[in-house]
Amino acid sequence: MNFNWLAILVAALSTMVVGFIWYNPKVFGTAWMKETGMTEEKAKGANMFKIFGMAILFAFLISFILQFLVIHQFGPSGMVGGPEFFETAKPSYKAFMADYGDAFRTFKHGALHGFMAGLFLALPVTGTNALFERKSVKYILINGGYWIVCFTIMGGILCSWPA
């Protein structure tokens with residue numbers, strides 16, 4: 001299995017598109033600002049290059065690791081020790097990959113696993129942090145929902161684009 005760096009990048013950038021929609025004042029932006037205590041004045045004083053740059057970097061890191069959850073073929077690849085051992089792997093590995101190398105490589109399947117990762121990883125992390133920050137359930141649902149949607153889309157992109 002090779003990494004598809006373009007798919008990883010596009011999946012990472014998809015979080016920005018989702019964020020522009022999700023946090024729009026006509027969607028959840030106004031409620032999010034109220035829950036976080038954000039004001040227009042605070043927002044205008046921010047270093048947006050730093051914020052968006054770091055957000056893209058973090059999304060890239062998420063996208064990179066998410067591929068291992070949504071692309072099943074990474075499992076057998078890891079079992080033989082990675083790409084450097086493909087040539088010396090037992091014939092059963094080559095036969096397995098010939099039969100199943102493209103199995104479940106669809107947007108729909110990746111989105112399903114992305115959704116599960118969002119629900120069972122991103123939401124609990126977001127929720128735990130929010131609880132210790134004394135944030136509301138609404139805050140948890142807005143931010144957790146954002147990450148569930150992002151993981152779903154990222155999973156679909158990563159799984160459906162060939163390596």
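Me: Which helix holds tyrosine 139?
Reply: This is a predicted model. The helix that spans residues 137–160 contains tyrosine 139. That helix is α8.

Me: Is tyrosine 139 buried or exposed?
Reply: A residue counts as buried when its relative accessible area is under 20%. Tyrosine 139 has a relative accessible area of 14%, so tyrosine 139 is buried.

Me: Which residues is tyrosine 139 in contact with, leaving aside its neighbours within four places in sequence?
Reply: One of the contacts is with a residue 104 places away along the chain, glutamate 35. The C-alpha atoms of glutamate 35 and tyrosine 139 are separated by 5.8 Å.

Me: How many disulfides does a search of the whole structure find?
Reply: A disulfide needs two cysteine sulfur atoms within 2.5 Å. For cysteine 150, the closest cysteine sulfur belongs to cysteine 159 and is 18 Å away, so it is too far for a bond. The search finds zero.

Me: Are cysteine 150 and cysteine 159 buried or exposed?
Reply: Cysteine 150 has a relative accessibility of 0%. Cysteine 159 has a relative accessibility of 0%. With under 20% meaning buried, cysteine 150 and cysteine 159 both count as buried.

Me: What is the phi of phenylalanine 104, and where is the residue found?
Reply: Most residues other than glycine have a negative phi. Phenylalanine 104 is not a glycine, yet its phi is positive. The residue is exposed, at 53% relative accessibility, and is found in the loop between α6 and α7. Its phi is about 60°.

Me: Which loop holds arginine 134, a residue other than glycine with a positive phi?
Reply: The phi of arginine 134 is near 65°. Arginine 134 counts as exposed, with 67% relative accessibility. Its loop is the one between α7 and α8.

Me: Which residues form a nonpolar patch on the surface?
Reply: One member is tryptophan 5, which lies in helix α1 and is partly exposed at 46% relative accessible area. Together the patch residues have about 390 Å² of accessible area. They are Phe3, Trp5, Ile65 and Phe68.

Me: What percentage of residues 111–132 is helix?
Reply: An unreviewed UniProt entry lists residues 111–132 under "transmembrane region", along with 6–24, 51–71 and 139–158. Over residues 111–132 the end C-alpha atoms are 30 Å apart, and strand makes up 0%. The helix share is 100%.

Technical notes. Residues are numbered from 1 along each chain as its sequence is written. This is a predicted model: local features need pLDDT of at least 70, side-chain atom pairs count only at pLDDT 80 or more; totals for chains, interfaces and linings use all residues. Side-chain values use heavy atoms; hydrogens and water are left out. UniProt positions are given in the numbering used here, feature names are shortened, and annotations may be inferred rather than shown by experiment. Helices (H or I, at least four residues) and strands (E, at least two) are DSSP runs, numbered from the N terminus. Buried means under 20% relative accessible area, exposed over 50%, partly exposed in between (1.4 Å probe, protein chains only). Patches are made of residues with over 30% relative accessible area and no salt bridge: like charges are joined within 9 Å, nonpolar side chains (Val, Leu, Ile, Met, Phe, Trp, Tyr) within 5 Å. Accessible areas come from the Shrake-Rupley method with a 1.4 Å probe; for residues, only the protein chains shown count as cover. A salt bridge is a side-chain nitrogen of Lys or Arg within 4 Å of a carboxyl oxygen of Asp or Glu. Contact means heavy atoms within 4.5 Å.
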